[in-house]
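Open the structure in your viewer and keep the selection tool at hand. The stops follow below.

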Amino acid sequence: MDHSQRYEHKKYMKIQDEQILELVKDQSTLNNGFKLLMDTYQIRLYHHIRAILNNHDDTDDVLQNTFIKVFKYLPKFEGRSNLYTWMFRIATNEAMTFLNKNKRKNEFLDEVLLDGATGKSFYQTEFDGEKIKAVLNNAIAKLPVKQKKVFSLRYFEEMSYKEMSEVLETSVGALKASYHHAVKKIESYVETIHIY
Amino acid sequence: MNTEIKRELEMLHSGLAKFDNSKIYKPADSYFDKMQHSVLSKIEGKGLGRNNIIKLRWMMGIAAAFIFIIAVSFLINNQSNTKDTLSTEEVYEYFEENVDYLDDEAIAGIANDNELNFDDLFYSDSDELNEYIGEEIDDITEDELEQIF
């Protein structure tokens with residue numbers, strides 16, 4: 001996605017958010033508005049939560065709690081931030097709350113089994129999409145939680161550092177440092193992967 | 001991939017810049033429908049639905065109105081009680097202020113209505129009343145004195 005496509009996409013998302021907020025204001029269109037909100041954000045929020053928790057069942061619980069919180073606090077949403085950054089903040093906080101409550105459980109993270117070593121470097125091998133996903137999944141799972149959040153928002157969500165700063169309530173400088181560390185760690189992990 | 005993200009990865013000499021950054025976690029197709037259904041059920045179950053919020057607001061409004069009515073009637077009753085039961089001091093004060101305009105029957109009536117006796121009136125600490133009686137004693141007829149004492 002180049003700069004102009006990204007601009008168009010953001011513009012579309014902003015219009016979509018305005019439409020959602022307009023619909024949820026009115027009792028007669030509330031359900032449609034909330035349904036549109038879930039349709040619009042469910043995949044992105046699922047992905048972000050899953051990157052932090054690395055487990056579908058836990059992600060399901062947290063995603064549902066996130067939407068319930070969004071519904072509850074939507075009447076108080078004043079539009080000072082973007083709807084989507086506000087929702088990502090709720091999702092991140094819910095995931096962190098879940099992690100804190102279930103520390104022991106999350107010491108055992110899912111790791112996708114890979115096919116073994118090829119003798120070639122990861123980047124020299126022609127991977128199919130699924131294998132790349134599996135490698136990335138395992139690499140992300142090994143990151144510290146803070147770097148998981150940052151990597152997910154930057155790499156997959158393509159958020160600007162300013163938007164990330166709104167979501168994570170952290171300075172832009174600290175976020176850049178975290179992202180760079182995360183990329184380096186993923187890089188190190190990926191370089192150790194070899195496939196037959 | 002967004003060019004800004006790609007450039008940043010290239011600057012970090014990361015091989016990730018070569019890959020598509022599409023979503024890597026994808027649940028089963030039917031998952032999101034079930035998830036939405038579950039969320040909406042929980043919202044209704046927890047009473048977070050807007051209908052329930054409106055009902056709650058109505059109930060709170062009715063409760064507030066009820067409390068207001070109770071409070072107003074309590075205040076009115078308190079005020080009327082005050083009027084019904086004037087203190088002895090208030091009666092004396094009224095008597096002293098209006099004694100010039102009251103005839104004997106009115107004085108007797110006030111004392112009677114308020115369960116006072118004339119001893120109470122004349123053993124009061126009111127110097128002004130005693131002074132008045134002293135000054136006017138000559139003008140009071142015997143009958144009137146008899147009635148007072």
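Select H4(A) and helix H7 (residues 161–168) of chain A. Their axes lie 8 Å apart and pack at an angle of about 50 degrees. Axes here are lines fitted to C-alpha atoms over the stretch in contact, and angles run from 0 to 180 degrees between N-to-C directions. Helices are DSSP runs (H or I, at least four residues), numbered from the N terminus. The angle therefore makes H4(A) oblique to H7(A); oblique is what remains after under 35 degrees (roughly parallel), over 145 (roughly antiparallel) and 65 to 115 (roughly perpendicular).

This is a predicted model: local features need pLDDT of at least 70, side-chain atom pairs count only at pLDDT 80 or more, and totals for chains, interfaces and linings use all residues. Residues are numbered from 1 along each chain as its sequence is written, with chains lettered from A and ligands numbered from 1 in the order in which they are written.

Now show the side chains. A:Thr85, A:Phe88, A:Arg89 and A:Thr92 of H4(A) touch A:Glu163, A:Glu166, A:Val167 and A:Leu168 of H7(A). Contact means C-beta atoms, placed from the backbone, within 7 Å.

Finally, colour by chain. Chain B gives 24 residues to the contact and chain A gives 35 residues. Select H2(B): it gives the most to chain B's side, with 7 residues.

Methods:
Helices (H or I, at least four residues) and strands (E, at least two) are DSSP runs, numbered from the N terminus. Two residues are in contact if their C-beta atoms, placed from the backbone, lie within 7 Å.
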